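Subject: Structure for your review

Dear colleague,

Please find the structure below, followed by a short account of what was found in it.

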Amino acid sequence: MAVKVYVVYYSTYGHVGKLAEEIKKGASSIEGVEAKIWQVPETLPEEVLGKMGAPPKPDVPVITPQELAEADGILFGFPTRFGMMAAQMKAFFDATGGLWREQSLAGKPAGIFFSTGTQGGGQETTPLTAITQLTHHGMVFVPVGYTFGAKLFGMDQVQGGSPYGAGTFAADGSRWPSEVELEHAFHQGKYFAGIAKKLKGSA
């Protein structure tokens, strides 16, 4: 039976969505792993999104909290808002009370990826503050660490990401993930899927 890895994200302008695509590719590169991308429900009305200049949502299925229980491992992606996950993702986590009561997510591996506006905007605080959500569910946090290798130490260009997970800088929204950031995302997906496969195999 295939190992199911879910890539669950929220993205206002598409930057996190771009990382999610690469993470899915990386996870799918592991034999025996079936990766699927989901987005969480939007909480802002269309009128407000229009004023923000947000593009239409991509053709990606919207997940319900209960569907998380079907996954063998989950990677959560979101942009930062004042050093924490965006409210849309927090609202989704707030709706997982039923899963918490049933302990449906306990023991499942989980990872995090993210987007921030600037270098001081939360490439570490955003995932760090998000770990509380995983902890209350009893999930096993799987950081990517420094397994990406020397490229994570590169100083010749601005790049997002940290030992917590893949990341990108969106600036004013005009900057898109760089080649190195996308490589980091692919690596995280592949690395995480390998861990999820080992955990399921040993269960």
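Thr12 counts as buried, because its relative accessibility is 6% and buried means under 20% relative accessible area, exposed over 50% and partly exposed in between (1.4 Å probe, protein chains only). This is a predicted model: local features need pLDDT of at least 70, side-chain atom pairs count only at pLDDT 80 or more, and totals for chains, interfaces and linings use all residues. Residues are numbered from 1 along each chain as its sequence is written, and side-chain values use heavy atoms, with hydrogens and water left out.

Thr12 sits in the loop between strand 1 (3–9) and helix 1 (15–28); helices (H or I, at least four residues) and strands (E, at least two) are DSSP runs, numbered from the N terminus. Apart from neighbours within four places in sequence, Thr12 is in contact (heavy atoms within 4.5 Å) with Met52, Ala54, Pro55, Lys57 and Arg81. The C-alpha atoms of Thr12 and Pro56 are 9.1 Å apart, although 44 residues separate them along the chain.

Met52, one of these contacts of Thr12, belongs to helix 2 (residues 46–52). Met52 is partly exposed, with a relative accessible area of 33%.

Helix 5 (residues 125–137) has these buried residues: Thr126, Pro127, Ala130, Ile131, Gln133, Leu134 and His137. Their cover includes strand 3 (73–81), helix 3 (87–94) and strand 5 (109–116). After helix 5 comes Gly138, with a positive phi near 75°.

Yours sincerely
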